[in-house]
Every structure is written in C-alpha cells, then in structure tokens.
Amino acid sequence: MPESVDSAIKGPEVSRSKAEVNAARRRAVGRLYEVSKPEMGFITWGMAALVVNSVTNMSYPWIMGMAVDQMGSKASGKFGGTASIRFPIMVGSIFTIGSIASCVRVYLLGTSTDRIASRLRGMVFDSYLYKEMAFFEEGSTAENGGRTGDMVSLLSDDAVTAAELFTDKLAAGMRSLNSSLAGSVFLFVSSPSLAAVTLSIVPVVGIGAMTLSRYSRRMKEQLRLVQAAALDFAIERFQAISVVRLNGQEAHEQQRYQEFAAVGLGYSRSACFAQGMLMSFLNAAVNVSLVGV
C-alpha cells in the first residue's frame, strides 16, 4: 500500500487493548439500543411477524408430502368428498397467513430502520455542528486524517448500517435460529439417523463460514476506510483547486487519487473472493450432506 494512502487511512495512531475495544463496542451497542427504544414496539411486532412467516415457510415440506399423499389417494380411488376441498383450503390459508406476515415484517422493520437511521443522522450532524473550530482545522487535510470524508460516510452509510443492528440484522439472526431449531426438530421427528448424518457436517460448515465471513468483513471495513479517505482527499483538492492549478500538480494529484482507487479495488477483490469462497463452501457442504443422507 502506498505510504500516502496508508497514512490517510490510519490517521492518528491509537493503541487500545482488546478489552478496551470490546468495552467500547458494548457501550456503543448500549447507546444504539437507547436510540432504538422508541421503535421497539414496531420491532417487536415485526419479529413476531417474522416468526409466523418462518413457521409457514417451514411447513412447505409437510405440505408437499401431504400433496403427494393426496394425489396417491386420488389415483387409488380413495380421494374425494370433503377431503378434496379441505386440503387446498388449509394450504391456501397457510400461504395467505405467511404472505401477510411477510408484508407486515418488511413494513415494520423497514420503517423502524429508516426512523433510527434518521435519528442517528440528526445526532451526528448536531455533534459535528457544535464542535470547536480546532477540531476541523486539525483534520482539514487528508494527510491528517481529514474530517469531511468521515462526516459524509457517517451521514450516508454508517447511520443505516448501525440502524440495522436491531432490525434487519436481528431479524436475520432470529430467522436463522428459528429455521435451525425448527428444521432440526422436524428432521429428528422424521428420521433420527438421517438427521444425525445431516447435522454432522454443521461444525465444519460453521467454522469455515465464520472464518471466511470475518475475513470478508475485515476487508469491507478497510475498503470503507479507503473510500472515506479518498473522498476527503478529493474534496480537499477541489477546495484548493486554484493552488493545484497554480503549481501544475494536476497529474500528481491524479496519480495520488488513482493510488486510493487501486488500494480500494484490492480490498474489494479480497472481500468478493472471500464471499465467493463462502458461497462455494456452503454449496459444496449442502451437496455433500444431501448425498450422505
């Protein structure tokens, strides 16, 4: 990595222990929870709708089995009467409930995310607006870890990412937990021996997925830092465009910006490669599990 890009990304060197970092994260989550409290009613109902939607989705294999049984009974002449009407009504009811629950979940959690993000943007803007002038003067250049790129990033991307912690990310975790628990129960009820074969691959998949996911997140964080530094560098140069033109530094500044772009593309390739490996690994694991069963 070019030294100019490295210094712009890192800014002032800060040495913190792992315990201090974890404590800071816990405080940040606590403060984010306080900001999200006004939306907890919507979030709770959204999570309830998520559970209903997950249960209806998990019933799909059972419905398919019942459909096959019904068709088999029909072929043998045993299918008719009220049973022929009761089954499609039951299936239609389950799908209707699942569809309504999905709509409710998306609306409530999406609305909650936007409200939290809007509240966070207002807090960030107010915080920067009332800071001392020295804060901006000390960070007015890209070499000193400028402030403008950080502010734009916080107001545009980071606010939404933080707002999703108690909405989309929590929903994704609950959906995965619900699917895992319900799916495991259905598997063991249907066939304990085949369920054991299927679940035996879970530890390997979990370790591999966690490793690749952490690496991908680390690369994405580095990419975000590079993009923020590049944005700040561009803003600072455009603000001083007369000085750049006066000294004939257009080619030099163009080269420096290309260094930011090259470093960012390197991190992007690494993150995309890790995501590709993760999907490939999961796909292979699923296929191996199915073949084993």
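1. In this predicted model, helix α12 covers residues 250–292, and its 43 residues should span 63 Å at 1.5 Å a residue, which agrees with the 62 Å between its end C-alpha atoms; the expected span is 1.5 Å times one less than the number of residues. Helices here are DSSP runs (H or I, at least four residues), numbered from the N terminus.

2. Helix α8 (residues 168–190) packs with helix α9 (residues 192–199) at an angle of about 140°, their axes lying 6 Å apart. On the α8 side S184, L187, F188 and S190 take part, meeting P192, A195, A196, T198 and L199 of α9.

3. S54, which is found in helix α3, is buried, with a relative accessible area of 5%. Leaving aside residues up to four places away in sequence, S54 touches R175 and N178, where contact means heavy atoms within 4.5 Å.

4. As for confidence, the mean pLDDT (the predictor's confidence in each residue, from 0 to 100) of the protein chain is 78, with 81% of its residues reaching 70 or more. Over residues 140–145 the pLDDT is below 50, although this stretch has 16 contacts in the model beyond near neighbours in sequence. Where pLDDT is low, the predicted coordinates should not be read in detail.

5. Residues are numbered from 1 along each chain as its sequence is written, and side-chain values use heavy atoms, leaving out hydrogens and water. Local features need pLDDT of at least 70 and side-chain atom pairs count only at 80 or more, whereas totals for chains, interfaces and linings use all residues.

Technical notes: Axes are lines fitted to C-alpha atoms, for helices over the stretch in contact, and angles run from 0 to 180 degrees between N-to-C directions. Helices (H or I, at least four residues) and strands (E, at least two) are DSSP runs, numbered from the N terminus. Buried means under 20% relative accessible area, exposed over 50%, partly exposed in between (1.4 Å probe, protein chains only).
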